[in-house]
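User: I'd like to learn how to read a few features off a model. Could you walk me through them one at a time?

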Amino acid sequence: MSSHLLSGIALALILCCSAVGAGEKLIDHYPAAAASGCMKCHAEIELIREPGSEMLDRIMVKGEELGDPAGCVVCHGGDPNATEKEAAHQTAAFYPDPGSPWINDNTCGQCHPKHCEVQWKSLMMTEAGKIQGVCWAFGSLTGYEHKWANYAVENPEDPLDRLGTPEYRAYMQRLKNMEPNVWVDRHEPLPDAPTDPAEVKKDPTLAAFTYIRQECQRCHHAVKGRQKRGDFRGMGCSSCHVPYSNEGFYEGDDKTITREQPGHCLVHSIQGTREAKVTVHEKTYSGIPVETCTTCHDRGKRIGVSFQGLMETPYESPFAEDGSPQPKLHTKHYVAMEQDIHYIKGMTCQDCHTSIDVHSDGFLAGANLAAVQIECADCHGTPDAYPWDLPLGYMDEYEEKPATGPARGVTNTLNQHTLQGTIYEPKDGYLLTARGNPYGNVVRDGDHIIVHTANGKDFRMKPLKKLMEDNEISERGVVSMSTVASHMDRMECYSCHASWAPQCYGCHVKVDYSRKDECPEQQEGTEEDPEIQAMRKALAEQGINENFDWVAAGRKHMEPGHEADRGESDYDLMIPGKITEQRSYLRWENPMLGVNGEGRITPLAPGCQPSVTIIGEDGEPILVNHIFKTDADTEGGGADGQLALDMSPTQPHTMTKNARTCESCHTDPKALGYGIGGPRGWDEDIFVDLETIDREILPKRTQPQMNAIENMNTDWSRIVSEEGEQLMTVGHHFQLSRPLNDRERAIMSRAGTCTACHKEIPTENLATSFLHHVAKYSGQIPVTDVDHAGLVHKIVLFSAWGQLLIAFCTPIACMAGFAWWRRRKTSAVLENRSTSEDESVS
């Protein structure tokens, strides 16, 4: 074979391989871009948006104006005339991550100024709810007030600056008046963590700030966050709109970007709307994948991984192909569970959650429930009403009664801030959220709705009322939603339709401030990022037990010269203390029920339930297994306060078509809040050794297997006693959140229902004994659930008709008897009179 032929084959292979990449190249569509200095290195890089898109066209026009025919400087800044990396990148206005909130006014904000303005009010930026939750667990440091955020921020003065419709603004003002501690006017910056461990010995609650800054705040948008498998992402806008794989490697065609070091985007493209097409290895998708959201939503309520059907487990099985443990994702191992029906159908988070849910409306909201404007009934309606017939506020009442008022209707007008997204044909009108804003992707079409997803699917769906009219709802569904009307009036849909919820009972937090020079036996070993591990190693050589401060990392970007940093890996921001966390036990099945801030009955799952251990700098414990208490006379705790263990109202995001069974609520003590049962209690030392029959330990040299947790005279899963005493807090954001009260538990509990019948069966009285023997010898004794349900149904109908007949027939019989008696009496009188007259004549 000739060398020319070999060369030709090699060239063809090279061209073929170069074509199989992330997507189309800029210079293929904009040849003039080759004149840009950026293209000397990045000629193979993917298009940031698809050719012909309005966004890319505007970038190219703007690039020409700025002297860059490739348009790179529009987003990245830098010097487009330089052909060497150092000269091109080392300018005052070079932006490695253009989405970073610290500089995106100069980049994304050129076209999306409102989104960049409101980002600082987003709960994903402030994390005020998370901060208040930890402060609550350390002794309700701010009470119910959502006082602190990662950064100082306040609302605009003009209420018209709130994004949304006039109806929405009025609605939100009403909610603010009802819950002023949640919809606050301003947040103060989170206080610093203690730098001198001696301060913690004087005031152990200061350890809360070490905990918050090291563990809880690594996900907020102003930092790049932890660089671990599953956690790789950008900052600010790039957190969601630039794709990162779980492994964190670049897989595009730009030869200048390393493929060996994680922490890079998957490809150089923007993801978002249906029109924004992203191509990876010749596969094209649109929208924001769920896995982008789970980069952060894998902790706390764990709604992201739960939506995907993943429940964390302490076990490393099943083993990988090479025999190694299951790889960690978000630093955890998982069990595969039932996935949310919306996920199975092909919907992603953004198909339900609106721009305001995510970016904010420009005003502060201190908790998840406060920030989210959507409800299930917005699309599904109820068995008696189409979505457009419901009043505003339905299922979002913040009162313990269903919303009333005029029908919300539909609209043909979208909010201004959403017009840069995909615009769908309104058909008979865009549906409205519970708070009065249009769903840009959900439209009415007659008595159906159409859900347009960002990934390109269009779902035509029947609301519940249409399903009822077409007899397409199961008997159990009709009974649950229509016959028992109070379910729809007082309950969240997901109280029944969530198939499971992650429940991590007991959070045993240790904050270790010990130092090697004071405590030589201190152990090492950690799971942190490589950069932070290096910092820890250097500190360990100095004898210091410290870890990274994520809030300080964000604030470091405020300093001159650090605004455009693409991450925090080289920041020296270690603070004293090392956090470790353990659980008492995990569950997923049948979460208990309580009342959320909207006043509706909802699933509950453990929120922040810390038993705190603090080790001083000398290695001696300051606190061991300590549970803080809330302020006096709060949460049913009396003068001593309540245990600062929280059972949190939650939307598990594990929806299924088939709801949990009636028995799982009405006959389960756990559902009522009485706990799982099993654990003996936690407030006594548990010894396990040789012992007498009277439980006296025989050896002198022994130690507790489990040390007592002071004040923990109940179980982590028990929130209320059978007598109605509240045992821990249930939600700490909203006034209405609480356990089920005495009346609700009494109405709900059907424990003992079986006994009510079977205490007479088979031989306790003559009637049941006779019927039982007849059924026995005629083969009619119920065996299966269907047999039993049929018998109970027959008994109910027989009893009902019997009582009805008695109720109607008894008065009729009495009246007939009375009439007969009167007639007899009248006849007797007449007969006697006639006899007397005859005798007189004689």
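User: Let's start with E4 and E5: what do they form, and how many residues sit between them?

Analyst: A word on ground rules: this is a predicted model, where local features need pLDDT of at least 70, side-chain atom pairs count only at pLDDT 80 or more, and totals for chains, interfaces and linings use all residues. Residues are numbered from 1 along each chain as its sequence is written, and side-chain values use heavy atoms, leaving out hydrogens and water. Helices (H or I, at least four residues) and strands (E, at least two) are DSSP runs numbered from the N terminus, and two strands pair if DSSP finds at least two bridges between them. Here, E4 and E5 form a hairpin with 2 residues between them. The strands, residues 277–280 and 283–286, run antiparallel and are joined by 4 bridges. Thr279 stands opposite Thr284, and in the turn His281 has a positive phi of about 50 degrees.

User: Which other residues have a positive phi although they are not glycines?

Analyst: Glu635 has one of about 55 degrees, and His653 has one of about 60 degrees. Glu635 lies in the loop between strands E19 (621–626) and E20 (646–649); His653 is in the loop between E20 and helix H27 (663–666). For accessibility, buried means under 20% relative accessible area, exposed over 50%, and partly exposed in between (1.4 Å probe, protein chains only). Glu635 is buried at 14%, and His653 is buried at 18%.

User: How do I read salt bridges, and how many does a search of the whole structure find?

Analyst: Side chains of opposite charge can pair when their charged atoms come close. The cut-off is a side-chain nitrogen of Lys or Arg within 4 Å of a carboxyl oxygen of Asp or Glu. The search finds 33 of them. In one, the closest N and O atoms of Lys176 and Asp185 are 3.0 Å apart; Lys176 is buried at 17% relative accessibility, while Asp185 is partly exposed at 38%.

User: Where are Lys466 and Asp447, the pair that links distant parts of the chain?

Analyst: Lys466 is in helix H21 (residues 464–469) and Asp447 is in the loop between strands E9 (438–445) and E10 (448–452), 19 residues apart. Their side chains meet in a salt bridge, 3.3 Å from N to O. Lys466 is buried, with a relative accessible area of 15%, whereas Asp447 is partly exposed at 28%.

User: What is a disulfide, and how many are counted here?

Analyst: A disulfide is a covalent bond between the sulfur atoms of two cysteines. The test is a pair of cysteine sulfur atoms within 2.5 Å, and the count is 0. Cys116 is in none, as the nearest cysteine sulfur, that of Cys237, is 4.6 Å away. Cys116 is buried, with a relative accessible area of 3%.

User: Which peptide bond is cis?

Analyst: The one joining Ser317 and Pro318 is cis, with omega about -5 degrees. Pro318 lies in the loop between strands E6 (310–313) and E7 (333–336).
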